Amino acid sequence: MRVLIALGGNAMTSPDGRARPGDQIAAVTVAMEPVADLVAAGYDVVLTHGNGPQVGNLLVKNELAAAVVPPVPLDWCGAQTQGTIGFIVIDALERALTDRGVRRRVAAVVTRTLVDAADPGFARPTKPIGRYLPRDEAAVLIDHGETWEDRGERGWRRVVASPEPLEVLDAPAATALLAAGFVVVANGGGGIPVVREPDGSVRGVEAVIDKDLGAALLGRALGAETLVIATDVDGAVLGFGTPHERAVGTVDVATLRGYAVEGHFASGSMGPKVEAACRFVEQGGRRAVITTLTRIADAVRADTGGAGTTVLPADITREVAGHA
């Protein structure tokens with residue numbers, strides 16, 4: 001069975017959110033333990049990951065050095081973090097596999113994701129990134145072509161487009177590596193956003209692709225049967241923060257989408273994960289699971305539910321209910 005595991009930012013930072021090099025290496029080392037267990041058990045594993053804290057660090061460096069050297073474009077930041085995180089994951093996973101007596105190589109693919117140059121987000125960017133700055137410091141970056149907004153007392157903050165991901169351009173490279181027996185790390189941060197030019201070439205653009213939507217797209221491109229979105233909570237809940245709060249266990253796509261329409265999932269946190277899980281199943285995936293990092297292996301092995309929020313096609317959900 002081919003499984004795509006999407007690691008959230010919590011898998012690559014310390015418990016308090018710090019992203020120093022030592023913190024990232026320690027966190028990834030822990031995260032690779034259940035992944036190595038799955039590889040050792042015979043599962044065909046693909047990994048993708050978030051990169052928010054890492055890109056955030058690069059943006060701070062951009063800001064501090066903007067008066068001296070030109071800021072690095074956001075697509076370059078994505079590429080740099082794919083390389084750095086991929087390197088850390090390769091080292092940690094190969095070490096964990098060696099400890100289990102498993103001889104498997106791991107490869108990281110610098111991965112581009114195609115977006116539409118006419119996506120509305122480019123005309124009116126709304127995705128806030130990075131830290132707040134005073135007006136004079138933001139002005140230096142505005143002079144470099146960045147878009148910043150006045151957010152009142154907190155200061156100015158950069159906003160960028162968050163376009164819809166259309167195609168993982170480097171999926172064929174990942175497929176070839178999987179066929180050669182590698183565990184593959186790909187499409188980190190949702191992929192490096194690129195647009196296609198009239199002559200067929202592509203170029204990077206300043207944008208942020210939602211990492212969960214990118215994971216769903218990658219999973220279908222690589223023929224994964226299961227998508228596991230590993231985050232810092234047990235799964236989706238209804239009525240979050242109210243006395244009527246309850247967990248969403250095993251659910252079909254239509255029901256979960258109904259909950260989303262009712263407003264149960266925040267757009268900046270659980271909402272994209274729910275949408276990604278639904279898309280993956282709707283486009284042919286066997287199941288999608290939203291769960292914690294520590295329950296990754298349980299989520300993969302519990303065939304039709306039992307770990308976090310498990311999203312299934314309607315026909316399978318009815319079958320599960322019939323045998324309950």
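Author: Let us begin with α9, which is mostly covered, since eleven of its 13 residues are buried. Buried means under 20% relative accessible area, exposed means over 50%, and partly exposed lies in between, with a 1.4 Å probe and protein chains only. Helices (H or I, at least four residues) and strands (E, at least two) are DSSP runs, numbered from the N terminus. Please keep in mind that this is a predicted model, in which local features need pLDDT of at least 70 and side-chain atom pairs count only at pLDDT 80 or more, while totals for chains, interfaces and linings use all residues. Residues are numbered from 1 along each chain as its sequence is written, and side-chain values use heavy atoms, with hydrogens and water left out.

Reader: Which elements do the buried residues of α9 pack against?

Author: Packing is read from contacts, where contact means heavy atoms within 4.5 Å. The buried residues of α9, among them Met 270, Lys 273, Arg 279 and Phe 280, pack against α7 (211–221), β12 (226–231), α8 (253–261), β16 (287–292) and β17 (309–312). After α9 comes Gly 284, with a positive phi near 115°.

Reader: What span should helix α9 have?

Author: The expected span of a helix is 1.5 Å times one less than its number of residues. Helix α9 covers residues 270–282, and its 13 residues should therefore span 18 Å, which agrees with the 18 Å between its end C-alpha atoms.

Reader: Which residues of α2 are buried?

Author: An α-helix has 3.6 residues a turn, so residues three or four places apart point the same way. In α2 the buried residues are Gln 54, Val 55, Leu 58, Leu 59, Asn 62 and Glu 63, and they pack against elements including α1 (21–40), α3, β5 (127–133) and α5 (135–143).

Reader: Is Asn 187 buried or exposed, and where is it?

Author: Asn 187 lies in the loop between β9 (183–186) and β10 (192–196), and it counts as buried because its relative accessibility is 1%. Asn 187 also has a positive phi of about 60°, although it is not a glycine. Another loop residue is Gly 155, found between β6 and β7, and Gly 155 is buried as well, with a relative accessible area of 11%. Leaving aside neighbours within four places in sequence, Gly 155 is in contact with Tyr 132, Leu 133, Glu 149 and Asp 150. By comparison, Arg 95 in helix α3 (residues 74–99) counts as partly exposed, at 42% relative accessibility.

Reader: What radius of gyration does the chain have, and what would a compact globule have?

Author: The radius of gyration is taken over C-alpha atoms, and the globule rule is 2.2 Å times the number of residues to the power 0.38. With 324 residues, a compact globule would have a radius of gyration near 20 Å, and the chain agrees, because it has 20 Å. The chain contains eleven helices and 17 strands, and buried residues make up 50% of its 324 residues. Of the contacts with a separation of 6 or more, 72% join residues 24 or more positions apart.
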